[in-house]
Amino acid sequence: IEVEMTHGTIITDNILSRTQYSAICLQHSDQAIITDNHMDDFGLVAHRHEHNGGIYAAMAVTAAVVQDNMVTESLCHGSQYGIKIADVPENKDNQVSKNILSGKYENGEAIVAGPGGTSMIRSDNILL
């Protein structure tokens, strides 16, 4: 699922498996809600590529809420991350909470949000 140039998009109740790149990708969007999705084995053709994660907020994503999702990587084929908010100044005020993640991610982190932004990873995410 790729969403670009939207306001208030809701992405919910999807089961996404064995995707070529990221399961859900956002760009140039604000106030998106991504909730109650299950992603498994994503980024199959994008080994070590930036666009290789369960949920990826690429550029100019503001005030998005990413919560109550399940992100698993059971094949351990080389996904970079489970949820990532790219470290660019245009990504602001995003919140990542209450997600369940499992798998072995290449960069060693299941959830990534760049240190330069104002996005928040809450402590209520569960890493298995």
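The model is predicted, so local features need pLDDT of at least 70 and side-chain atom pairs count only at pLDDT 80 or more, while totals for chains, interfaces and linings use all residues. Residues are numbered from 1 along each chain as its sequence is written, and side-chain values use heavy atoms, with hydrogens and water left out.

**The sheet**

- Five strands form an open sheet in the order β1-β4-β8-β12-β15, with parallel pairing; strands here are DSSP runs (E, at least two residues), numbered from the N terminus, and two of them pair if DSSP finds at least two bridges between them.
- The edges are β1 (2-4) and β15 (111-113), each of which pairs on one side only.
- On average, neighbouring strands of this sheet are turned by 10 degrees against each other, direction ignored; the axes are lines fitted to C-alpha atoms.
- β4 and β8 are joined in the parallel sense by three bridges, and Ile24 stands opposite Ile55 in β8.
- Moving on, β8 and β12 pair in the parallel sense over four bridges, with Lys84 in β12 as the bridge partner of Tyr56.
- β12 also runs parallel to β15, joined by three bridges, and here Lys84 stands opposite Val112.
- Five of the five residues of β12 are buried, so this strand is largely enclosed by the rest of the structure; buried means under 20% relative accessible area, exposed over 50% and partly exposed in between (1.4 Å probe, protein chains only).

**The nonpolar cores**

- A nonpolar core is a set of buried Ala, Val, Leu, Ile, Met, Phe, Trp, Tyr and Cys residues joined through side-chain atoms within 4.5 Å.
- The largest such core has 23 residues, of which Ile24, Leu26, Ile34, Met39, Ile55, Val71 and Ile83 touch the most other members.
- β4 (24-27), β8 (53-57) and β12 (81-85) each supply at least two residues of this core.
- Apart from it lies another core, of six residues, including Cys25, Ala58, Tyr81 and Ala86.
- Beyond its neighbours within four places in sequence, Met39 is in contact (heavy atoms within 4.5 Å) with residues including Leu16, Ile24, Ile55 and Val71.
- As background, nonpolar side chains tend to be buried together in soluble globular proteins.

**The aromatic pair**

- Which residues form an aromatic pair that is tilted? They are Tyr56 and Tyr81, 5.9 Å centre to centre with 45 degrees between the planes.
- Rings of Phe, Tyr and Trp (its six-membered ring) pair if their centres lie within 6.5 Å, with planes under 30 degrees apart counted as stacked, over 60 as edge-to-face and the rest as tilted; the count comes to one aromatic pair.
- This pair links distant parts of the chain, with Tyr56 in β8 and Tyr81 in β12, 25 residues apart.
- Tyr56 is buried at a relative accessible area of 9%, and Tyr81 is buried at 1%.

**Loop residues**

- Ala86 sits in the loop between β12 and β13 (95-97) and counts as buried at 10% relative accessibility.
- Setting aside neighbours within four places in sequence, Ala86 is in contact with Tyr56, Ala57, Ala58 and Asn91.
- Asp13, in the loop between β2 (10-12) and β3 (15-17), has a positive phi of about 60 degrees although it is not a glycine; Asp13 is exposed at 61% relative accessibility.
- Arg18, in the loop between β3 and β4, has a positive phi of about 55 degrees and is exposed at 52%.
- For context, most residues other than glycine have a negative phi.

Technical notes: Axes fitted to C-alpha atoms, helices over the stretch in contact; angles between N-to-C directions.
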